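Dear colleague,

Please find below the structure that I am handing over to you. My notes on what was found in it follow directly after it.

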Amino acid sequence: MPSLNIYEQPAKLNEDAAKSAHTEAPEWAIIMYFYAALHWINSYAYKRNEIRLLQSLDKTLAPHERRRRYVKKISNYTGDDELYISYKFLFDESMIARYLENSELECINKTSREYYQERDIKEFVDSLEILKRALKK
Amino acid sequence: MVPLDPEKLNSNNHFTIFNRLKLLFRSAIRKLRPELREVEKLAAQLQELPAVENVRVIRDKKNTSHVIVFQILSHVDSNSRSHLLKSAISLAVKTERNLDRIFNVEDWDLRIRIVERYENTHKSQRVILINA
């Protein structure tokens, strides 16, 4: 992938890996869709010489939090909240897929895999597409 | 002014005075902490979404954090869950922007969690609102 920048490459690789995991490991597909989104955001920042905003030396702010604020800001510039909404959606779901956060899977007595096998994966694909489209505006 | 002649106070008057004081107190608190008004508005909006049974709002005990968690109690089916979550996030984002504008910051983070039951809160947190 010679024409892609260093952030677009992992974005595309994560996306491809997510697609191939839909059936066998949907919980990992969710996580990879989020990481594809994360790298598309990085790529956007890189192209605008704003990548330093995501790599601040300020250690009091966690990298995910720094990126969330950046996404909110660029969503504001473009006047399109869908970018920020899609990012938050993918982030929240990826946290559930990773850590079973919120005890919600515990109380319904399911594994993360079983839980995401019941969900419509198209929602996650669509969210990533919305995010990518918004970044092109 | 409310007359405070004890002979004129029957139980209803007393109740009215108490309610007025409560309203005055609430109004003063809202002026001091405008985020509460926005939190209440958002909780009411979330409550109106389909399949939402209840909404509970959690914040740090010191009331200083700009991270507020809105727990939506719901038994929504798997297929409708993403739609509910996105609708809720969409409302939360609008409120986040209002709060950022009111406080002239960019760090408000209103988080949505769909839960099937309310768990005990962490010791550093407290419930600041629960819809009746």
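**Chain B: overall make-up**

Of the 132 residues of chain B, 22% count as buried (a residue is buried if 20 or more other C-beta atoms lie within 10 Å of its own, exposed if 12 or fewer, and partly exposed in between, with C-beta atoms placed from the backbone). Please note that this is a predicted model, in which local features need pLDDT of at least 70 and side-chain atom pairs count only at pLDDT 80 or more, while totals for chains, interfaces and linings use all residues. Residues are numbered from 1 along each chain as its sequence is written, and chains are lettered from A and ligands numbered from 1 in the order in which they are written.

Chain B contains 3 helices and 4 strands (helices, H or I with at least four residues, and strands, E with at least two, are DSSP runs numbered from the N terminus). From the N terminus on, the order of these elements is α-α-β-β-α-β-β. Among the contacts in chain B between residues at least 6 apart in sequence, 65% join residues at least 24 apart (two residues are in contact if their C-beta atoms, placed from the backbone, lie within 7 Å).

**The sheet of chain B**

The 4 strands form an open sheet with mixed pairing, in the order S3-S2-S1-S4 (two strands pair if DSSP finds at least two bridges between them). At its edges are strand S3 (109-115) and strand S4 (125-130) of chain B, each of which pairs on one side only. From one strand to the next, the twist averages 25°. As a general point, strands of a sheet pair through backbone hydrogen bonds, either parallel or antiparallel.

Strand S1 (residues 54-60) of chain B pairs with strand S2 (residues 67-73) of chain B in the antiparallel sense, over 5 bridges. Within this pair, Val57(B) stands opposite Phe70(B), and Ile58(B) has Val69(B) as its bridge partner. S1(B) and S2(B) form a hairpin with 6 residues between them. In the turn, Asn63(B) has a positive phi of about 60°.

S1(B) is also joined to S4(B) by 5 bridges, and these two strands run antiparallel. Here Asp60(B) has Gln125(B) in S4(B) as its bridge partner.

**A residue to look at: Gln47(B)**

Gln47(B) lies in helix H2 (residues 35-47) of chain B. Is this residue buried, exposed or partly exposed? Gln47(B) counts as partly exposed because it has 15 C-beta neighbours inside 10 Å. Not counting residues up to four places away in sequence, Gln47(B) touches Val52(B), Val55(B) and Asn131(B). The C-alpha atoms of Gln47(B) and Ala88(B) are separated by 9.7 Å, although the two residues are 41 residues apart along the chain.

**Chain A**

Chain A has 7 helices and 0 strands, and its pattern along the sequence is α-α-α-α-α-α-α. Its radius of gyration is 15 Å, which agrees with the value near 14 Å that a compact globule of 137 residues would have (the radius is taken over C-alpha atoms, and the globule rule is 2.2 Å times the number of residues to the power 0.38). The C-alpha trace of chain A spans about 45 × 35 × 25 Å along its principal axes. Buried residues make up 35% of the 137 residues in chain A. Of the contacts in chain A with a separation of 6 or more, 62% are between residues 24 or more positions apart.

The axes of helix H3 (residues 63-78) of chain A and helix H4 (residues 81-99) of chain A come within 7 Å and cross at roughly 155° (axes are lines fitted to C-alpha atoms, for helices over the stretch in contact, and angles run from 0 to 180 degrees between N-to-C directions). That makes H3(A) roughly antiparallel to H4(A) (angles under 35 degrees count as roughly parallel, over 145 as roughly antiparallel, 65 to 115 as roughly perpendicular and the rest as oblique). On the H3(A) side, Val71(A), Lys72(A), Ile74(A), Ser75(A) and Thr78(A) meet Asp81(A), Leu83(A), Tyr84(A) and Tyr87(A) in H4(A).

**Where the chains meet**

Finally, 18 residues of chain A are in contact with 18 residues of chain B. H4(A) gives the most to the side of chain A that touches chain B, with 5 residues.

Yours sincerely
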